[in-house]
Amino acid sequence: MSVPARLDLERILALVRPLSTSLDSAFHGEDHWRHVASIGLDLARRTHECDAIVVVLFAVLHDARRIGDDDDPQHGVRGAALARSLDLGRFGLTAPQVALVETACRDHTGGTLSDDPTIGTCWDADRLTLWRVGIEPAVVYMSTAAGKKAAASGERFDRAKTWYDIAGQIRGAHFGTQLPH
């Protein structure tokens, strides 16, 4: 798998923050995005053929256009539209990567599963934070072996403190292969 040497995460965040309708939400805001990215990178290390860049971009975009913390079934569609509007190709993403980001954002609600390792990792990372709204993550809603294992064990993940930490994890790690912990 080819991964850009450096994901310009700060530049992407600078574009997304002013467009976000959920930036300061306690449940779906930027802290949640960073937590999903952190969990996603952990799962990506354990998931063969997972694209970590897509996982991080999903984390940033999936709830960025959410309206309120209650039921908002169209927020995934708006997140995919936001991804499309950013022209992610200018940041070095390939057309297949952009398509994965859009699909993962658009379809992340509703509890469906994915056989695609990257999309499954995105959705599992988000679902493994459901305890924040009083829901225990369930194995039946996990797409990847790593997600199922984490849900079954009740694993709680360390939160990345900053986006700089997330970017550093991407630069310094090997993704898409099974790596021991």
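A salt bridge is a side-chain nitrogen of Lys or Arg within 4 Å of a carboxyl oxygen of Asp or Glu. Side chains of opposite charge can pair when their charged atoms come close.

Some ground rules come before the first stop. This is a predicted model, in which local features need pLDDT of at least 70 and side-chain atom pairs count only at pLDDT 80 or more, while totals for chains, interfaces and linings use all residues. Residues are numbered from 1 along each chain as its sequence is written, and side-chain values use heavy atoms, with hydrogens and water left out.

**Stop 1: a salt bridge**

Select Arg17 and Glu30 and show their side chains. They meet in a salt bridge, with 2.7 Å from N to O. Arg17 lies in the loop between α1 and α2 and Glu30 in helix α2, so the pair ties together parts that are 13 residues apart in sequence. Helices here are DSSP runs of H or I with at least four residues, strands are runs of E with at least two, and both are numbered from the N terminus.

Is Glu30 buried or exposed? Buried means under 20% relative accessible area, exposed means over 50%, and partly exposed is in between (1.4 Å probe, protein chains only). Glu30 has a relative accessible area of 13%, so Glu30 is buried. Arg17 has 26% and is therefore partly exposed.

**Stop 2: the whole chain**

Now zoom out and show the chain as a cartoon. How many helices and strands are there? The protein chain has eight helices and zero strands. The C-alpha trace spans about 40 × 40 × 30 Å along its principal axes.

The radius of gyration, taken over C-alpha atoms, is compared with a globule rule of 2.2 Å times the number of residues to the power 0.38. For 181 residues a compact globule would have a value near 16 Å, and the protein chain has 15 Å, which agrees. Of the 181 residues, 51% count as buried.

A contact means heavy atoms within 4.5 Å. Among contacts between residues at least 6 apart in sequence, 67% join residues at least 24 apart.

**Stop 3: the core**

Select Leu7, Leu9, Val16, Leu61, Leu88 and Ile166. These residues have the most contacts inside the largest nonpolar core, which has 51 residues. Elements that give two or more residues to this core include α1 (9-16), α3 (52-61) and α8 (163-172). Which element gives the most? That is α3, with ten residues. A nonpolar core is a set of buried Ala, Val, Leu, Ile, Met, Phe, Trp, Tyr and Cys residues joined through side-chain atoms within 4.5 Å.

Stay on Leu61 and show its surroundings. Leaving out residues up to four places away in sequence, Leu61 touches Val16, Gly79, Leu82, Ala83, Leu86, Val101 and Cys105.

Next, select Glu102 in helix α5. Glu102 is buried, with a relative accessible area of 15%. Not counting residues up to four places away in sequence, Glu102 touches Ala80, Ala83 and Arg84.

**Stop 4: helix α6**

Select α6. Ten of its eleven residues are buried, so α6 is largely enclosed by the rest of the structure. Among the buried ones are Thr118, Trp123 and Arg127. The buried residues of α6 pack against α2, α3, α5 and α7.

**Stop 5**

Select Arg156 and Glu136, whose side chains meet at 3.5 Å, N to O. Arg156 lies in the loop between α7 and α8 and Glu136 in the loop between α6 and α7, so this pair ties together parts that are 20 residues apart in sequence. Arg156 is partly exposed at 45%.

Then select Arg106 and Asp107, which form a salt bridge of 3.0 Å, N to O. Arg106 is partly exposed at 39%, and Asp107 is partly exposed at 27%. Finally, select Asp42, Arg46 and Glu155, which are linked in a network of salt bridges.

**Stop 5: the surface**

Ile135 lies in the loop between α6 and α7 and is partly exposed, with a relative accessible area of 43%.
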